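Subject: A structure for you to look at

Hi there,

Here is the structure I promised to pass on. Have a look at it first, and then read on for what turned up.

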Amino acid sequence: MISRKKFLYSSAPLLTVPLFLEQCGTHPRLPGPDGADPIQNARSNGMSDPILIAINVGITAPNSHNTQPWKFRIISPLEMILYVDEKRILPVTDPPVRQVHISQGTFLELLSIGASQLGYSAKIELFPEGTYPSIEPGKKPVAHVQLVKDASAPDSLYSMVAERHTNRAEYEGPMISPAEIEKVEADAGAGYTKRVAIYGEDMKPYLPLMNSAMELETMTYRLSDETRGWFRFSDREIQEKRDGLGLPDQGVTGFTRWMIETFFLSREPEKFHDPANNKLFLERYKKKIDSARALYYWSTSSNTIVDWVKTGRDYARFQLALMKAGLRMHPLSQILQEFPEMDDLRAKFEKISGVRAPGKIQMIVRIGRSDYKYFTPRRSAKDMIV
Ligand SMILES: Cc1cc2nc3c(=O)[nH]c(=O)nc-3n(C[C@H](O)[C@H](O)[C@H](O)COP(=O)(O)O)c2cc1C
């Protein structure tokens, strides 16, 4: 069975051109006309209030599992309140709701960059009614946002918003140099988090642990079953739901994608958790990890809900600056996650990195070069307004 699958996964016989293009899944990120540029798209969809247009930029942000865990209350054409959408969290793999709050920060940073493009600065007050325990996301606001006219030059990172994407392909080409990272950091600007790059041989102790972490998550039914719920199994489902994960964002397209979606992978638990599928996925994953041209992490000296949101802002800026340098990145969050099954591996990782409680590595990514490009869809911003 495995060798037959392996043959099919790695072979690429000729497909008809229309079928091939369909399997490449090249759709714009946002619904409606002008779906690549979020400001154009907002205007084409009839949004004229600056806050709505800025929100439309914000929702292009990276966010865990593409759950888009955001709800907005619009106060005025220049003002809104952001909440976690508690129906779009990942309680099994993200029990403290940490990554969901990092995803609030990425949204706020993109919104802020969008606002500057419109001639406003975004005054952001975090947790205006105070912070809340992890068990109560969605009840109190994450942020109050007020747009204020600002004559200063727009944030140049807007030029990379339409291009930004998470890239999970196998990376190619030369290793990343410290000079390249220094340039990206200069473009991203000073942030809140401590940022560390790991180059060349120094990556060696980290890579096997990150592989083991993915293996653990994949092979533990209750953990990978959460991903099953957020997995989209065809182009039609991706375009209808406009959220979650799918094969094309994992770098699988064309004939290989068609074979997997047609014969091997579906929402039925037996198929999704099929050991042969898992084995092939993990083999591919190891190749991707081993193709890292550098690693990079963001850490904080405490581990509070505010740290999480601020990390998200730094992460989003860095990714945009990285895109500008022609580089790509892929987060490897498994080893950082707080469910009990990960305790041992996480402790080993903390020992190697030297970052442990009360501090925390909030995000870690591999960085490299790749020509692969795919834009994950977003739901309409209007559907996120409460
Ligand atoms: C907090 C956070 C954690 C993430 N963790 C992972 C991860 O472990 N593996 C991965 O492949 N992508 C991870 N991502 C990337 C998201 O899956 C990605 O941003 C989302 O699917 C939207 O795709 P895009 O970034 O291409 O727009 C993470 C993103 C965020 C913000």
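Predicted model: local features only at pLDDT ≥ 70, side-chain atom pairs only at ≥ 80, totals over all residues.

You will find Glu129 in the loop between β3 (120-126) and β4 (143-149). Leaving aside residues up to four places away in sequence, Glu129 touches Lys140 and Pro141. Arg346, on the other hand, is 217 residues away from Glu129 in sequence, and 33 Å away in space from C-alpha to C-alpha.

Phe127 sits in the loop between β3 and β4 too. With 15 other C-beta atoms within 10 Å, Phe127 is partly exposed. Its phi is near 45°, a positive value in a residue other than glycine. Gln68 also has a positive phi, near 55°. Gln68 belongs to the loop between α4 (50-58) and β1 (70-76), and it counts as buried because it has 24 C-beta neighbours inside 10 Å. Why point these out? Most residues other than glycine have a negative phi, and most peptide bonds are trans. Pro358 lies in the loop between α14 (343-353) and β10 (360-368).

Next, the ligand. Where does it lie? Domain 1 (2-23 + 164-368) and domain 2 (38-163) both give residues to the shell around it, so the ligand lies between them. There are 19 residues around the ligand, and Pro62, Asn66, Thr166, Pro331 and Ser333 come nearest. Two or more residues of the shell come from each of α5 (98-117) and β9 (328-331). The largest share, four residues, is from α5. Sorted by class, the shell has 13 polar, four nonpolar and two charged residues.

Finally, find the open sheet of four strands, which run in the order β5-β8-β10-β9 with antiparallel pairing. β5 (194-198) and β9 stand at the edges with a single partner strand each, so one side of each has no neighbour in the sheet. On average, neighbouring strands here are turned by 25° against each other, direction ignored. β5 pairs with β8 (residues 294-300) over five bridges, and the bridge partner of Val196 in β8 is Tyr297.

Happy exploring!

How values were computed. Residues numbered from 1 in each chain as written. Contact = placed C-beta atoms within 7 Å. Near = placed C-beta within 6 Å. Nonpolar A, V, L, I, M, F, W, Y, C, P; charged D, E, K, R; others polar. Domains from an automatic or database assignment. Pairing = 2+ DSSP bridges. Axes fitted to C-alpha atoms, helices over the stretch in contact; angles between N-to-C directions. Buried ≥ 20, exposed ≤ 12 C-beta atoms within 10 Å, placed from the backbone.
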